[in-house]
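Okay, thanks for coming, everyone.

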Amino acid sequence: MEFFFEVLIGGLMAGVMYSLVAIGFVLIYKASGLFNFAQGAMVLFAALTFVSLLERGASFWLAFAITLASMVALALLIERAVLRPLVNRSPITLFMATLGLSYVIEGAAQALWGAQVHGLELGISDAPLELGGMLLSQFDLFAAATAALLVVTLSLLFNRTRIGLALRAVADDPLAAQAVGIRLQRVWVVVWAVAGFVGLVAGLLWGARLGVQFSLSLVVLKALPVLIIGGFTSITGAIVGGLLIGASEKLAEVYLGPYIGGGIENWFPYVLALLFLLVRPAGLFGERAIERV
């Protein structure tokens, strides 16, 4: 049983890191109904900018501040150059725009910082920590705590502030929100900037885990099952979906792997997501979206 819980808790903590990427999707989808395929490229751009500044002698907090400012500037540029000209266009047009945007961001990152692989050290040990007879990664514990703090902060931002109320109004009915004086472009800028900040945090944690390289942008693919299971419009759903994906893939790898072959954790989340699409297409927290439709 100790081994079972060790695998389970390790999977849950890995799932929290999946949730960090998924939250970026949820924020933008709630504000604009747009599936932002460029979120993975934003994670890569943030991590690559941060580690490149560190390698050039910047301190941790200076590199963090410059990278955060870069992500906010990127959000402003995206809103002005991409979103504003495409207002009221079809969802497939917006999706294709973000797909092209992902390649533009990756290309800009490569042109600016190069294509070599970087190691990222955050000063957090990955040595196992024994708790109750279980061995848990100190880095995973740190990542889980960071994600929990970020979720609480975002919940307060979007439930207790004026910009949060504006975001929820735009998510419910963009035209009605504009009619009562809410500036749609301002909401988009704020949401993309917050998504950029989430991408920065996710990029640092994933970069420290996997190394900062261009395959880091593919972490977006693991966020898709998280969104399908949790629902595209719920931050809570992103967290719950991430936990389910993280725990299930690790347990499947350990307990089913010996019988049907290794590498299960690479494809098992998509099987689970497919089952959810067949049984509950809106995800665990997607009822309100269906009711509005």
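By buried I mean under 20% relative accessible area, with exposed being over 50% and partly exposed in between, using a 1.4 Å probe and protein chains only. Val226 sits in helix H9, residues 219-230. Helices here are DSSP runs of H or I with at least four residues, strands are runs of E with at least two, and both are numbered from the N terminus.

So what does Val226 touch, if we don't count residues up to four places away in sequence? The list is Tyr18, Ala22, Gly231, Gly237, Ala238, Gly241, Gly242 and Ile245. A contact, for this talk, is heavy atoms within 4.5 Å. Val226 also pairs up with Leu244: they are 18 residues apart along the chain, and their C-alpha atoms are separated by 8.0 Å.

Quick word on where this comes from: it's a predicted model, where local features need pLDDT of at least 70, side-chain atom pairs count only at pLDDT 80 or more, and totals for chains, interfaces and linings use all residues. Residues are numbered from 1 along each chain as its sequence is written, and side-chain values use heavy atoms, with hydrogens and water left out.

Next up, another valine. Val198 is in helix H8, residues 184-210, and is buried, with a relative accessible area of 0%. Leaving out residues up to four places away in sequence, Val198 touches Leu20, Ile23, Gly24, Leu27, Leu150 and Leu154.

H5 covers residues 138-160, so to speak 23 residues, and reaches 33 Å from its first C-alpha to its last, close to the 33 Å expected at 1.5 Å a residue. That expected span is 1.5 Å times one less than the number of residues in the helix.

Now for some serines. The C-alpha atoms of Ser155 and Phe232, 77 residues apart along the chain, are separated by 16 Å.

Ser248 is in helix H10, residues 235-255. At 17% relative accessibility, Ser248 counts as buried. Ser248 touches Phe268 and Leu272, again not counting residues up to four places away in sequence.

Then there's Ser52, in helix H2, which comes out buried at 0% relative accessibility. Setting aside neighbours within four places in sequence, Ser52 is in contact with Trp113 and His118. H2 itself is mostly covered, with 15 of its 17 residues buried. H2 runs over residues 39-55 and reaches 24 Å from first C-alpha to last, close to the 24 Å expected. After H2 comes Gly57, with a positive phi near 100°.

Okay, zooming out. The protein has 13 helices and two strands. With 293 residues, a compact globule would have a radius of gyration near 19 Å, and the protein has 19 Å, which agrees. That radius is taken over C-alpha atoms, and the globule rule is 2.2 Å times the number of residues to the power 0.38. Along its principal axes, the C-alpha trace spans about 60 × 50 × 35 Å.

Buried residues make up 47% of the 293. Of the contacts between residues at least 6 apart in sequence, 74% join residues at least 24 apart. The accessible surface, from the Shrake-Rupley method with a 1.4 Å probe and, for residues, only the protein chains shown as cover, comes to about 13,900 Å², and 67% of that belongs to carbon and sulfur atoms.

That's my tour, over to you.
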